[in-house]
Amino acid sequence: MSTPQPHLTRSLGLTSLVLFGLAYMTPLIVLGIFGVVAETTGGASASAYLVALVAMLFTASSYGRMAAAYPVAGSAYSYVRRTIDSRVGFLVGWAVLLDYMFLPMVIWLIGGAYLQAEFPTVPGWVWIVAFVLITTILNILGIKVADRTNYIMMSFQVLVIIVFVALSIGSVVSQQGPGGLLSVNPFANSTSNFAMVSAGAAIAAYSFLGFDAVTTFTEETKNPTRTVPRAIMLIALIGGGVFILVSYTTQLVHPGGQFTDASSAAFEIAMTIGGNVFGAIFLAGLVIAQFASGLAAQASASRLLYAMGRDGALPRRIFGEVSKRFRSPVFNIVLIGVVGLAAVFLDVATSTSFINFGAFTAFTMVNISVIVYYVKEHRNGRRLNPIVYVVVPAIGAIITAYLLTKLDSNAIVLGLSWLAVGIVVLAVITKGFRKLPPELTYEQDEDPTVAASPSTVPVAE
């Protein structure tokens with residue numbers, strides 16, 4: 001008699017999913033890139049986050065529809081593969097890989113920029129290399145960031161945000177009176193325009209990355225067809241509300257988009273409103289958040305590469321191997337660390353745009369997949385709400401595709417180059433597109449550091 005195979009347990013409820021999604025988004029990141037967004041929008045950062053929130057809500061609805069229709073892990077890759085075509089699904093998965101591969105780089109770059117602002121005598125590359133080395137070593141050793149630790153770190157981030165907003169309000173009131181808290185300038189002013197706000201929204205969307213990550217927990221969620229869609233919308237709404245509030249109050253303290261160093265603008269503002277003590281607390285909170293986020297992102301990316309190698313989408317003998325000593329995909333972890341060193345040569349604006357290329361590509365295709373799903377179901381005689389399954393995703397697709405065109409030109413070139421490589425890889429593994437690509441099998445383990453990763457890899461305790 002064969003031994004029963006282990007299976008995932010449905011134990012997660014709505015609260016757990018929402019908390020995980022918010023933790024994955026790293027709430028403090030709104031301050032990490034505030035200066036870049038404010039500079040791009042001409043001081044209308046709140047509008048950028050408002051536009052990004054609207055775009056994410058339409059897209060969140062589409063993710064919810066697909067999660068209900070296909071209650072399996074895999075997110076955008078699985079949805080597009082099942083509704084449109086396996087080859088298109090592969091390319092969407094390839095675009096998502098862009099996020100996974102380069103997200104750690106952006107995280108380390110932002111952390112390095114803020115540490116350099118505090119310690120200007122230390123070259124920025126030193127901090128980036130330190131981030132890369134420490135997280136790479138920890139991930140190779142299999143060190144896990146436990147669920148409780150993630151929530152503790154998120155709680156610290158939330159506390160820093162609350163204090164930052166409170167100090168910002170106090171600073172505005174002390175200088176301008178209570179009336180100073182009511183202003184349209186953070187949304188629209190003489191130095192900003194719609195094109196600038198759109199460009200800023202394309203960058204601000206980086207803060208939302210992770211709202212869709214809970215779809216990878218579908219197979220471990222109670223009543224997933226109802227719970228997952230609700231969680232996605234709540235995460236986008238709560239996260240967006242926080243981002244708009246923080247950017248609004250911060251923009252009141254520092255009107256306009258002129259900064260000594262846009263990459264670390266929020267630290268200068270923290271010093272202004274709270275002095276050296278709060279400045280130190282703010283920096284500590286941001287660095288801890290970036291470190292934890294980088295550790296998780298690198299672990300997730302290494303598992304994605306492992307899954308693609310194991311399933312034949314990438315060379316199995318290189319990417320599909322697990323170290324016998326450390327029981328972790330060492331080559332993949334090191335590769336992502338090496339890629340992360342590119343942060344030494346990039347700035348925050350270009351790197352976040354680069355990441356968003358893959359995100360917007362996936363978002364647009366998920367929106368389209370909902371419409372295709374509606375058409376297929378309609379042909380099969382099933383009646384679905386056309387507003388929810390056609391109008392909403394169509395608007396979401398248009399918005400995300402538009403924001404894609406507003407990314408940094410270098411990011412678009414790099415992103416298209418990445419897709420071109422994906423097409424070549426697809427041509428090779430499908431023998432000139434004559435056969436279907438291998439299907440990536442997505443399984444979730446219980447390690448929150450690989451919560452958004454598509455494969456279970458034995459990790460040493």
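**Ground rules.** I noted that this is a predicted model, in which local features need pLDDT of at least 70 and side-chain atom pairs count only at pLDDT 80 or more, while totals for chains, interfaces and linings use all residues. Residues are numbered from 1 along each chain as its sequence is written, and side-chain values use heavy atoms, with hydrogens and water left out.

**Ser 198.** Not counting residues up to four places away in sequence, Ser 198 touches Tyr 402, Leu 403 and Lys 406, a contact being heavy atoms within 4.5 Å.

**Confidence.** I read the pLDDT, the predictor's confidence in each residue from 0 to 100, and found a chain mean of 82, with 87% of the residues at 70 or more. Confidence is lowest in helix H1 (residues 14–25), at a mean of 77, and highest in helix H3 (residues 34–41), at 94. Over residues 1–8 the pLDDT is below 50, and this stretch has three contacts in the model beyond near neighbours in sequence. Residues 442–461 also stay under 50, although the model has 79 contacts for them beyond four places in sequence.

**Core.** I looked up the largest nonpolar core, which has 122 residues, and those with the most contacts inside it are Tyr 206, Phe 211 and Phe 282. Such a core is a set of buried Ala, Val, Leu, Ile, Met, Phe, Trp, Tyr and Cys residues joined through side-chain atoms within 4.5 Å. Helix H6 (residues 86–118) gives the largest share of this core, 19 residues. For Phe 211, leaving aside neighbours within four places in sequence, I listed contacts that include Met 25, Met 56, Tyr 63 and Phe 363.

**Aromatic pairs.** I found 19 aromatic pairs in the whole structure, where rings of Phe, Tyr and Trp (its six-membered ring) pair if their centres lie within 6.5 Å, and planes under 30 degrees apart count as stacked, over 60 as edge-to-face and the rest as tilted. The rings of Phe 187 and Tyr 248 have centres 5.7 Å apart and planes at 40°, so this pair is tilted. The pair links distant parts of the chain, with Phe 187 in the loop between helix H8 (147–176) and H9, and Tyr 248 in helix H10 (residues 224–253), 61 residues apart. Phe 187 is partly exposed at 28% relative accessibility, whereas Tyr 248 is buried at 15%. I also noted that Tyr 63, Tyr 79, Phe 360 and Phe 363 form one aromatic cluster.

**Helix H16.** What is buried in H16? I found Ala 411, Gly 415, Trp 418, Leu 419, Gly 422, Val 425, Leu 426 and Ile 429. Seen down the axis of H16, the buried residues fall within an arc of 115°, so they line one face of the helix; the arc is that of the directions from the helix axis to the C-beta atoms. These buried residues pack against H6 and helix H14 (348–379), while on the other side of H16 Ser 409, Val 413, Val 424 and Val 428 are exposed.

Conventions
Buried < 20%, exposed > 50% of the residue type's maximum accessible area, 1.4 Å probe, protein only. Helix = DSSP H or I, 4+ residues; strand = E, 2+ residues; numbered from the N terminus.
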